[in-house]
Amino acid sequence: MIKVLFFGPVADRVQMRETQVEFTPGMTLHDIIAHLGMQYPGVFSIVSFFAVNQNQVHDKQMALQDNDEVAFMAKFSGG
Amino acid sequence: MLAAVRIQAEDFSQNEEVDALKAGSKCMGGIATFIGCARDFSEGREVSQIGFEAYGSMALAEMKKLRSEAIERFGLLDARIVHRVTTVQAGDNIVFIAAGAEHRAAAFDACRWMIDELKQRVPIWKKEITPQGEAWVTPHP
């Protein structure tokens with residue numbers, strides 16, 4: 001399974017903080033985005049950053065491994 | 001001794017942080033600090049509280065990386081970063097940054113660089129709570 005985390009404004013929009021997506025070999029970050037985009041239309045309009053296993057990722061074609069942790073994040077506003 | 005990089009709910013003491021910074025080296029000739037605190041207004045609206053949320057593990061890792069990069073980039077003797085993640089009232093402390101160097105220029109530059117980078121790179125979000133309702137903050141440059 002892929003653990004998917006949501007924070008702040010993104011969590012508010014999907015009305016949850018965590019979900020799981022079944023892992024299939026060859027799965028990419030883009031596949032997760034497409035899968036969740038269908039379930040939650042419009043949510044990715046506020047997503048500015050992606051992280052896989054707590055590292056920011058820019059390449060949506062990045063291959064995922066089973067048990068990876070993916071996070072979808074809006075622009076940061078700390079400080 | 002408190003860790004040099006922390007995320008915590010409770011307030012911090014600037015004096016304790018500066019003492020900890022100074023304890024590391026007697027070569028420190030300049031220390032620059034920044035404290036971010038909660039305003040009671042934002043874009044013309046009254047703000048009563050600010051709530052923070054973080055992707056804790058990633059935020060702490062990124063803050064540690066930020067500190068190491070600052071030490072390397074500006075030749076600092078030491079640096080500290082503390083961010084509160086809780087709900088704060090107007091006037092409360094939010095974030096503390098300190099840079100210690102042999103001379104003031106590096107300390108000033110590094111302090112500014114660290115808070116600017118933190119805002120860009122560390123996964124923390126703030127929500128303003130006003131009498132009219134709550135709203136996540138759009139980042140300022």
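Predicted model: local features only at pLDDT ≥ 70, side-chain atom pairs only at ≥ 80, totals over all residues.
How many residues does helix 2 of chain B have, and how far does helix 2 reach from its first C-alpha to its last? Helix 2 of chain B has 19 residues and reaches 27 Å, close to the 27 Å expected at 1.5 Å a residue.

Several residues of helix 2 of chain B are buried: M58(B), A59(B), E62(B), M63(B), L66(B), R67(B) and A70(B). The list includes E62(B) and R67(B). Just after the helix comes G75(B), with a positive phi of about 65°.

Now the sheet of chain B. Four strands form an open sheet in the order 1-6-8-2, and the pairing is mixed. Strand 1 (5-8) and strand 2 (30-37) of chain B are the edges. Each has a single partner strand, so one side of each is left without a neighbour in the sheet. From one strand to the next, the twist averages 10°. Strand 6 (residues 78-84) and strand 8 (residues 93-101) of chain B pair in the antiparallel sense, over six bridges.

Helix 1 (residues 14-23) of chain B touches strand 2, strand 6 and strand 8 of chain B. The direction of helix 1 makes about 25° with that of strand 8 of chain B. Helix 3 of chain B lies across strand 2, strand 6 and strand 8 of chain B. Helix 3 runs at about 145° to strand 8 of chain B.

Turn to chain A. Chain A holds two helices and five strands. Along the sequence they follow the pattern β-α-β-α-β-β-β. The C-alpha trace of chain A spans about 35 × 25 × 15 Å along its principal axes. Does the radius of gyration point to what a compact globule would have, or away from it? A compact globule of 79 residues would have a radius of gyration near 12 Å, and chain A has 12 Å, which agrees. Buried residues make up 27% of the 79 residues in chain A. Among contacts in chain A with a separation of 6 or more, 58% join residues 24 or more positions apart.

The five strands of chain A form an open sheet in the order 2-1-5-3-4, with mixed pairing. At the edges stand strand 2 (18-21) and strand 4 (55-57) of chain A. Each has a single partner strand, so one side of each lacks a neighbour in the sheet. Neighbouring strands of this sheet are turned by 30° against each other on average, direction ignored. Strand 3 (residues 49-52) and strand 5 (residues 69-73) of chain A pair in the antiparallel sense over four bridges. There, F49(A) has M73(A) of strand 5 as its bridge partner. Helix 2 (residues 29-39) of chain A packs on the sheet and touches strand 1 (2-6), strand 2, strand 3, strand 4 and strand 5 of chain A. Its direction makes about 60° with that of strand 1 of chain A.

Last, the place where the chains meet. The contact takes 20 residues from chain B and 14 residues from chain A. On the side of chain B that touches chain A, helix 2 (56-74), helix 3 (104-121) and strand 9 (124-130) of chain B each supply at least two residues. Helix 3 of chain B gives the most, with four residues. The residues on that side of chain B divide into 13 nonpolar, four polar and three charged.

Technical notes
Residues numbered from 1 in each chain as written. Chains lettered and ligands numbered in written order. Contact = placed C-beta atoms within 7 Å. Nonpolar A, V, L, I, M, F, W, Y, C, P; charged D, E, K, R; others polar. Rg over C-alpha atoms; globule rule 2.2 N^0.38 Å. Buried ≥ 20, exposed ≤ 12 C-beta atoms within 10 Å, placed from the backbone. Expected span 1.5 Å × (residues − 1). Pairing = 2+ DSSP bridges. Axes fitted to C-alpha atoms, helices over the stretch in contact; angles between N-to-C directions.
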